[in-house]
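Me: Could you take a close look at the aromatic rings in this one and walk me through how they pair up?

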Amino acid sequence: MPLSPGPVLVLGATSAIARSVALALAAKGCSLVLAGRDEPELERIKSDLEIRCGVSVSHLVFDAEDETSHKAFWAQAEVDHGPFKGVVLAFGYLGDQQRAQEDWGEARSVLERNFVSAASILHVVAQSMETRGEGWIVVLSSVAGDRGRMSNYVYGSAKGGLTIFLQGLRSRLQKAGVHVMTVKPGPVDTAMTFGMDRLPLLADPQTVGKAIVAGLAQGKDVLYVPTPWRLIMFVLRSVPEKIFKKTSL
Amino acid sequence: MLPEKQAVKDLAALGGWGRYPLADTRAVRPERARGLTPVGEHCLARGLGRAYGDAALLSGGTLVLTERLNRFLAFDPESGVVRAEAGVTLKDLLEALVPRGWFVPVTPGTKNCTLGGCLAADVHGKNHHREGTFSNHVPEFEIVLADGSRQTARRGDDLFWATAGGMGLTGLASELTLQMTPVETAFMRVRHTRSKDLDRTIELLTDPGHDARYTVAWIDCLAGGRNLGRGIFMAGEHALRSEVSLRVANPLSVPFRRQKPFPMDLPGWALNPTTIKAFNLVYDWAKGRRTEFVCDYDQFFYPLDGIQGWNRMYGKRGFLQYQYVLPTATAREGTRLVLERLSQAKKASFLAVLKRFGPQGEGWLSFPTEGLTLALDIPFSDGLLTFLDELDDIVLSHGGRLYMAKDARMKPAVLRSGYPRLGDFCEFKKSIDPEGRFDSDMARRLGLCH
Ligand SMILES: Cc1cc2nc3c(=O)[nH]c(=O)nc-3n(C[C@H](O)[C@H](O)[C@H](O)COP(=O)(O)OP(=O)(O)OC[C@H]3O[C@@H](n4cnc5c(N)ncnc54)[C@H](O)[C@@H]3O)c2cc1C
Ligand SMILES: NC(=O)c1ccc[n+]([C@@H]2O[C@H](COP(=O)([O-])OP(=O)(O)OC[C@H]3O[C@@H](n4cnc5c(N)ncnc54)[C@H](OP(=O)(O)O)[C@@H]3O)[C@@H](O)[C@H]2O)c1
């Protein structure tokens, strides 16, 4: 699938992975609209992309958790900057599994920010792209959503829900000529993971960003980054539950 | 918004580029501009860790890693003035701006270093004799002080001249403005001239007839006797469009080269005088062959950057850099003595680079002063530290000083006698950082403001 230079909306644009995806897209000549909550940071990322790549970049305030605003947000963004050729959804929240077990507020927030909010904005975007009959959507899910593990099942279930939502959405939108790619990164060296020890195959965001844009250009449906995670997760998914439940993964 | 709570990472056995000494520290790594703020009782900015020794180390304290604060903030294509966060690297600048006809005004021998690191060490390049140090091209910068406040420092401010060369001890530089240099191409017109001995090498470096915008001499440290100080003098200019082959479609772009990673730690014995001698011969022959040619800027400025992690070829024990500058009047004599000691002791250096410095800048602890500077890499071995103390005696008795960004071992007295403005620096530091919050292993070792 060749990347057309049309505008791309990046939701959660301050995320380190989003930044590198945006950079890789801008390097291919895409103009960008950055959406997020942290305006001063969005401004910095905007000027950075403009200067490095010579593309035009705008930014918008967007709160993923404010679901009632999503419809109007998208409509306005389309009027001001659209029609969007593509949407990158990168916002997310890892949270703290231990805290989530003790405090429902935390657990709820993890489910909300990774799944419900994502489904909410995708609901709006999908309708619009389906009617238009073109476009692409890239969503950051996670390998954590491939199997529930005791060490992060709250986050994992939210990402797992998102992954399944995307499977259905892909099939639906495929009929309308809209492509949906699910990205499942392993651990990436960002603010989300900084300071955690023993992270296997830690990837740097630059590599992940380039891989995502390359995967998109190839029309991939599901992208594991780095690639070994495809095999690792296949093996992990194959372990019988009777055995798996005894592990402390 | 409030600065978010920052995750802290433990870093065990962290080193500088020479991998000696190593320190156990912690680090934070802000990803947002407001996250750049002093943390804990003692902290220090760290860029890409290209200083060789302990300048960017702080045992038991917290390093503030600036690598993610690397956004370009403004660029004026007319004037070539760029504003960027301190974690932007020279590589970033070159990749973004050379295609638009602007080159970095001063560059060290690696492009993998940050603007903050270049300011803090007030780095010099092959054009120092004409264009001075890095800070000479910085109209202003912003810095976060010990109390967390942000201040703009302009040329003429004490804060400016204490920070340029101040090795991170005044605060965390957050944003810099830099005047870039106009170029017509990404290529260099280079001339190599062989030199048979030290007198000739110095003559080539100082004679206006041989001068160029960028000059440097590479010296064969193993040659003694009549050949002492022999080497190759290299002079470069940014190539004009008319000097680059017409086959090059876009003269402002450099072909992408994949970095070859250095595969492993070499055992320490791999770099004995014989292997270095063999290397020198090959290098010598290869470089001496073509005397005038055009090459791209990577080949001219950053030959070592092509081998990722080349510092590992020195093995687990690491290596030391040694760089001094001697005033013009004593440089010849002092350098002769140093080279004699080196060739006798067979503590061969892989790379020895001789270069002329122009007039001294205004940075209080900025290294370059008018004269000649020699830089050496020496693999770590027993007896090396004593040997270098002897070289220090030569340098001091000839009125010279050592470069902190390369140092891992000098004694406090060596620093004191080389840097007369140390007192002003410490007095000023006390006024802006009374608790000594910004600190480094180097400052502790050298008793710098301690
Ligand atoms: C191959 C090679 C060649 C080199 N050639 C030269 C040369 O030709 N000329 C030359 O002058 N130097 C040279 N150097 C040294 C190098 O340019 C300097 O050490 C430079 O400071 C490295 O930048 P860095 O970002 O890696 O800084 P680091 O090594 O991370 O830090 C160096 C110092 O800068 C301080 N610092 C870093 N960022 C900030 C900030 N944001 N605010 C305040 N302080 C900060 C640190 O505290 C530390 O004191 C060379 C180094 C290598 C590895
Ligand atoms: N890092 C990893 O190891 C890893 C692994 C697998 C998957 N992922 C997924 O990849 C994506 C990007 O992760 P990252 O590592 O780059 O994370 P990051 O740097 O921590 O960024 C998280 C982003 O989510 C945004 N966000 C959170 N809540 C929001 C809200 N209510 N409204 C709008 N934006 C909100 C934040 O924006 P604000 O500026 O508004 O705070 C921030 O930009 C996430 O979905 C993550 O789950 C990451």
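Reply: Let's start with a cluster: ring pairs join Phe103(B), Tyr214(B), Tyr297(B), Phe300(B), Phe301(B) and Tyr302(B). By pair I mean rings of Phe, Tyr or Trp (its six-membered ring) with centres within 6.5 Å; planes under 30 degrees apart are stacked, over 60 edge-to-face and the rest tilted. Bear in mind that this is a predicted model: local features need pLDDT of at least 70 and side-chain atom pairs pLDDT 80 or more, while totals for chains, interfaces and linings use all residues. Residues are numbered from 1 along each chain as its sequence is written, chains are lettered from A and ligands numbered from 1 in the order written, and side-chain values use heavy atoms, leaving out hydrogens and water.

Over all chains there are 18 aromatic pairs. One of them is tilted: Phe62(A) and Phe91(A), 6.0 Å centre to centre with 45 degrees between the planes. Phe62(A) is in the loop between strand S3 and helix H3 of chain A, Phe91(A) in the loop between strand S4 and helix H4, 29 residues apart. (Helices, H or I of at least four residues, and strands, E of at least two, are DSSP runs numbered from the N terminus.) Phe62(A) counts as buried because its relative accessibility is 4%, and Phe91(A) is buried at 12%; buried means under 20% relative accessible area, exposed over 50%, partly exposed in between (1.4 Å probe, protein chains only).
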